[in-house]
Amino acid sequence: MTFVTPHINTSSRNFIPASLSLFVCVFLSVLHINIAGESISLLLLPLLIVSLWPREVNTVVTIGTFFVIGIFLDWGTNGVLGQWAIVYLTVFAILRPNRRDHSLSFFNAVSLWCAGLAIATVMLIITGWLAYGVLPNFTTLFRQALLICAFMPVVVFTRNLVRYALMDPQDRDYL
Amino acid sequence: MSNFQRYDGVTARIAFLAAFLTSFILLLSQRGSPNLRGPSQRATEDVVSPIAQILSYPIRGMENMATRFKDRSQTYEQNIQLRDEIAKLRDRQIQLNLLELKVKRYERILSARLDVDVSSKKIVARAVSETNGPFVRSLLLNAGQKNDVNMGNPVMSVDGLIGHVISVGQKSSRALKLGDLNSRIPVLNRRTESKAILSGDNSVRPLLAFIQNPMDWEPGDVVITSGDDGMLPMGLPVGKVIKNNAQELRVKLYAEKAPTDWVWVLPFRPILAPTKVITDEVAEGVKPVTDDAP
């Protein structure tokens, strides 16, 4: 007697919404928003998506996506080509968010974001020094990181909502 | 073995190394001179510009709602202020008309041409994207070659100079802000006529470098463009001199007062180097002037 289990392609099911949200975040990150006379920038928003990258996604496709998105962001923001790609790839290589064993809780998301931000800061210092010969503007970096922290509950909630909506109805019972 | 595990081995490592090394080579190849941004970047900006404009509509809507609410609450006070300003400006207008007559008369006497090279034509554009990142400060404008925007054109807000155009696409252009690391603008102190270079250092308030005489510069002095590089016209308002805690002379930009949204691009034609002018004349059939000519 043979038991046949239906093959669920979790890779593409997780990848498509994640890559779409990354793409939207890249566009949002090049916009500027004026609140109460202050111009704010969401340049680190794609980094949050990279840090919270879903599980069981094809690594090669993910690497390709981060490379392309990084180059696109450099073009879109007039930065030195390759800088954001290096940052995203390094964060991904160290954190390995796609190899997590469990689904993401809010506490895990905060830890991953903090770790991702720390790695990104180090990489921005190194790549910035190599490309421009100067250190980054830490005030701007700190402000942008704080801003993304404020956005984080919304992002995590939306992420979990999308995940729940795309999940197999049978799997929802195990949540 | 699931799909992701199978690809997570050697193939993934090779892919990672290839992507990382390519990025690294791209980064190093542009060290000091970001010149790999030719047609591909302009094409990307032409794509980003309309999408960013669409995405910014709801954001701008919310901003405008907040601004309108704030404006309405201050309408009465603003009305009184504006009436006072109009009264003062009428007096100044009369003085300006008299001065204009005087200057014209002096020009006739001296046979001198003292035209101000600030163009009266202005190209209105919207800053659809503003990058104030840890390294780069620039604007993406929704006007390009089709709107007569050219390389080097100054970009202004109602308050003062914001930067200059560094790349032009068909429908979009990129402006480098005065605070960017690569921005260098020759400026003039309006009070003492002393010259300096306004050097961006990735901060909101750029540094005054290569100052002729430091005694000529005091906090509060008005800074305008000197037009010495021939790339920008003379007399564009830039900001006011301030001294920071490290006793460095910096400029508080007029354009930093308000967030950047609508901007003007001034279609200024840069002054060409003499060799270039002669070459152009030769190309048009004009005989070049040589030393051995009679």
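The model is predicted, so local features need pLDDT of at least 70 and side-chain atom pairs count only at pLDDT 80 or more, whereas totals for chains, interfaces and linings use all residues. Residues are numbered from 1 along each chain as its sequence is written, chains are lettered from A in the order in which they are written, and side-chain values use heavy atoms, leaving out hydrogens and water.

Select chain B to begin, where six strands in the order S1-S2-S5-S4-S3-S12 form a closed barrel with antiparallel pairing; strands are DSSP runs (E, at least two residues), as helices are (H or I, at least four), numbered from the N terminus, and two strands pair if DSSP finds at least two bridges between them. Then pick residues 123–132 and 137–141 of chain B, strands S1 and S2, which run antiparallel and are joined by five bridges; B:Glu130 has B:Leu139 in S2(B) as its bridge partner.

Next select A:Phe23 and A:Phe27, four residues apart in helix H1 (residues 10–30) of chain A and thus separated by about one helical turn. Their ring centres are 5.2 Å apart and their planes at 75°, so the pair is edge-to-face (rings of Phe, Tyr and Trp, the last by its six-membered ring, pair if their centres lie within 6.5 Å, with planes under 30 degrees apart stacked, over 60 edge-to-face and the rest tilted).

Finally, move to A:Tyr132 and B:Phe135, a stacked pair with 5.0 Å centre to centre and 10° between the planes. Both residues are buried, meaning under 20% relative accessible area with a 1.4 Å probe and protein chains only.

Key. Buried means under 20% relative accessible area, exposed over 50%, partly exposed in between (1.4 Å probe, protein chains only).
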